[in-house]
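Here is a friendly tour of a protein model, moving from charged pairs to aromatic rings and then to strands. Please keep the structure open beside the text as you read.

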Amino acid sequence: HLTGDIHAVTAANNLLAAQMDARIFHELTQKDGPLFDRLVPKVKGVRKFSPIQLRRLKRLSIEKTDPDTLTDEEKTKFARLNIDTSKIMWNRVVDLNDRFLRKITIGQSPTEKGFTRETAFDISVASEIMAILALGNDVDDIKERLASMVVALDKSGNPVTADDLGMTGALLVLLRDAFEPTLMQSLEGTPVLVHTGP
């Protein structure tokens with residue numbers, strides 16, 4: 001298992017894939033109002049946007065910061081990513097070369113209500129998250145790169161990012177122990193710094 005970096009990348013990558021599929025499912029099975037209410041719930045009678053949601057509003061050119069002031073059209077624009085399932089470019093990953101996972105069908109459980117799609121597994125070290133971890137300058141740079149990862153296109157051809165899915169913070173938490181190189185030693189006893197994938 002070496003430094004554990006590959007496990008961290010695998011977990012982060014697959015969490016993002018799971019969140020994307022869950023979001024697609026919820027958008028297909030809920031009306032606009034309940035979907036918005038789930039994304040921005042009332043806590044102790046008050047509804048407010050989180051910092052990541054405020055970033056999404058800014059990208060959508062919606063200048064409002066109070067959820068209760070959004071029009072129905074703005075609520076729909078905010079809540080629906082409208083991911084085109086034929087334009088998803090984010091695969092799950094596993095840390096071995098399993099040829100039978102190169103193409104799979106997901107969503108076959110009866111609880112998924114017939115929303116199946118074809119996808120695939122890649123090898124963990126080929127994940128974009130591994131590249132970001134290896135090449136990022138510092139935590140802020142890594143956060144910005146993670147936020148802007150494009151996972152799919154929407155039905156209008158616009159990019160859908162990890163930040164649109166609200167996943168940037170969760171990805172950072174999973175990766176935090178892998179940010180720094182690990183001090184190891186070679187078989188000859190020489191100190192070696194090992195970082196990220198091979």
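## Charged pairs around an arginine

R47 is buried, with a relative accessible area of 15%; buried means under 20% relative accessible area, exposed over 50%, and partly exposed in between (1.4 Å probe, protein chains only). The model is predicted, so local features need pLDDT of at least 70 and side-chain atom pairs count only at pLDDT 80 or more, while totals for chains, interfaces and linings use all residues. Residues are numbered from 1 along each chain as its sequence is written, and side-chain values use heavy atoms, with hydrogens and water left out.

The side chain of R47 meets that of D37 in a salt bridge (a side-chain nitrogen of Lys or Arg within 4 Å of a carboxyl oxygen of Asp or Glu). D37 lies in helix α2 (residues 32–39) and R47 in strand β2 (residues 46–47), so this pair ties together parts that are 10 residues apart in sequence. Helices (H or I, at least four residues) and strands (E, at least two) are DSSP runs, numbered from the N terminus. D37 is partly exposed, with a relative accessible area of 38%.

R47 also forms a salt bridge with D68. That pair links distant parts of the chain, with D68 in the loop between α3 (51–59) and α4 (72–79) and R47 in strand β2, 21 residues apart.

Another salt bridge joins R56 and D164. Here R56 sits in helix α3 and D164 in the loop between β9 and α7 (168–175), 108 residues apart. Both R56 and D164 are buried, and they belong to a network of salt bridges that links R55, R56, R59, D163 and D164. In total, the structure holds 13 salt bridges, including those tabulated here.

| Salt bridge | N to O distance |
|---|---|
| D37 and R47 | 3.2 Å |
| D68 and R47 | 3.5 Å |
| R56 and D164 | 3.1 Å |

## Aromatic rings

Four aromatic pairs turn up in a search of the whole structure. Rings of Phe, Tyr and Trp (its six-membered ring) pair if their centres lie within 6.5 Å; planes under 30 degrees apart count as stacked, over 60 as edge-to-face and the rest as tilted. One of the pairs is F36 with F49, edge-to-face at 6.5 Å centre to centre and 80° between the planes. F36 lies in helix α2 and F49 in the loop between β2 and α3, 13 residues apart. F36 is buried, with a relative accessible area of 1%, and F49 counts as buried at 7%.

The rings of F36 and F78 have centres 5.8 Å apart and planes at 75°, so this pair is edge-to-face too. F78 is in helix α4, 42 residues from F36, and both F36 and F78 are buried.

## Strands

An open sheet of three strands runs in the order β3-β8-β9 with antiparallel pairing; two strands pair if DSSP finds at least two bridges between them. Its edge strands are β3 (83–88) and β9 (159–161), each pairing on one side only. Two bridges join β3 to strand β8 (residues 150–154), and I83 stands opposite D154 in β8.

Elsewhere, strands β10 (residues 182–185) and β11 (residues 191–194) pair in the antiparallel sense over four bridges. M184 has V192 in β11 as its bridge partner. The two strands, β10 and β11, form a hairpin with five residues between them, and G189 in the turn has a positive phi of about 90°.
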